[in-house]
Amino acid sequence: MFIDFGGVDIAFGVIESGLWPRFSEAETVTLVGALWSDAFDGPAVRLEGVQVGDGQVGLMLSETSFYQLLVSNLLVGCPVESLLKVGDVALREKALAVATVKVAAEDVLGTHWMANALAVSVLIRDSKDDFLLVRRGGSLAVGAGLWGVSASGGVEAEDLRSGNPIACAVMREVKEELGLSVDPGAVRVDGLFIGDKKLQPVMLCTVALDEPLGPLLPLQGIDSDLEIASQVLVAQSELKKYVEGKRMSEAARFQISTHIK
């Protein structure tokens, strides 16, 4: 599912969370430890809803956590055999009920037990119309080893205190993963994507630079060694080759495909 924002203005509202968790705090910690042992928790932002009007998009946001995302959106479709790692039989049955439920991408935002933690997917285009693609680090809890966009990550609760939480998240992720400082005016929010497999809402963002990136590679941020295995500049004419030949997340494949000519 994709909602095209068409370059319109975005307004942000922070409201009370509508999340109704399926698991207790203790159950959540146990599940994450069994299924995502390398994951660590952190404050995240729940996308409560999207309001599209004339010349403006309104995003309703609240606070949640990364662990809540793991045991709701990302638990759906989890291989049944992996649930055997959960030792508690009753908890395993509860997790199985979530893992095997059918949720369509267009129904995600209306599903009250899904955390819907919002992420940003950032594609950087330099002054020579080359795009920066990276392969994710092999030790990441989610998306390890996949090729994708320039940078990605979750919107954090602290971002809600800024005037533009999406631009704030983009600037942070690009700085941490690549060491680049991005002006908020260079950030364009193209739209909202929710994939059929990974049922997480993702804001697809493009950053246009006024300089070539080639002389600066390899880029290095404080999280580069963990987050990024390799990085490459790709001409627009070569994007199709990467989309068709590399393992990518749904969001990355869709986003990069929109720039193919």
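**A pocket and its surroundings**

A: The second largest pocket has a volume of about 180 Å³, a volume being the space filled by probe spheres set on grid points that are joined across faces, edges and corners. A pocket here is an open set of points on a 1 Å grid over the protein atoms alone, with protein on both sides within 12 Å along at least five of seven lines, and its lining residues have an atom within 4 Å of a point. The model is predicted, so local features need pLDDT of at least 70 and side-chain atom pairs count only at pLDDT 80 or more, while totals for chains, interfaces and linings use all residues. Residues are numbered from 1 along each chain as its sequence is written, and side-chain values use heavy atoms, with hydrogens and water left out.

The lining of this pocket is made up of Gly7, Val8, Asp9, Ile10, Phe12, Asn164, Pro184, Val187, Arg188 and Val189. Six of these lining residues are nonpolar, two are polar and two are charged, where Ala, Val, Leu, Ile, Met, Phe, Trp, Tyr, Cys and Pro count as nonpolar, Asp, Glu, Lys and Arg as charged, and the others, Gly among them, as polar. At least two lining residues come from strand 2 (9–14), and at least two from strand 9 (187–193); strands are DSSP runs of E with at least two residues, numbered from the N terminus.

Strand 3 runs antiparallel to strand 4 (residues 56–65), to which ten bridges join it, and Leu47 stands opposite Leu61 in strand 4.

Elsewhere in the model, strand 5 (residues 119–125) has seven of its seven residues buried, so it is largely enclosed by the rest of the structure; buried means under 20% relative accessible area, exposed over 50%, and partly exposed in between, with a 1.4 Å probe and protein chains only. On one side of strand 5 the buried residues are Ala119, Ser121, Leu123 and Arg125, and on the other they are Val120, Val122 and Ile124. With strand 10 (residues 202–208), strand 5 pairs in the parallel sense over seven bridges, one of them placing Val120 with Met203. Strand 8 (residues 151–154) runs antiparallel to strand 5 and is joined to it by four bridges, with Ser121 standing opposite Ser152. Strand 6 (residues 130–136) is also antiparallel to strand 5, with two bridges between them, and Arg125 has Phe131 as its bridge partner there. Four residues lie between strand 5 and strand 6 in the hairpin that they form, and Asp129 in the turn has a positive phi of about 65 degrees.

Cys168 is partly exposed, at a relative accessible area of 26%, whereas Cys205 is buried at 0%.

How values were computed
1 Å grid on protein atoms, 1.4 Å probe; cavity = no way out; pocket = protein on both sides within 12 Å on 5 of 7 lines; lining within 4 Å. Pairing = 2+ DSSP bridges.
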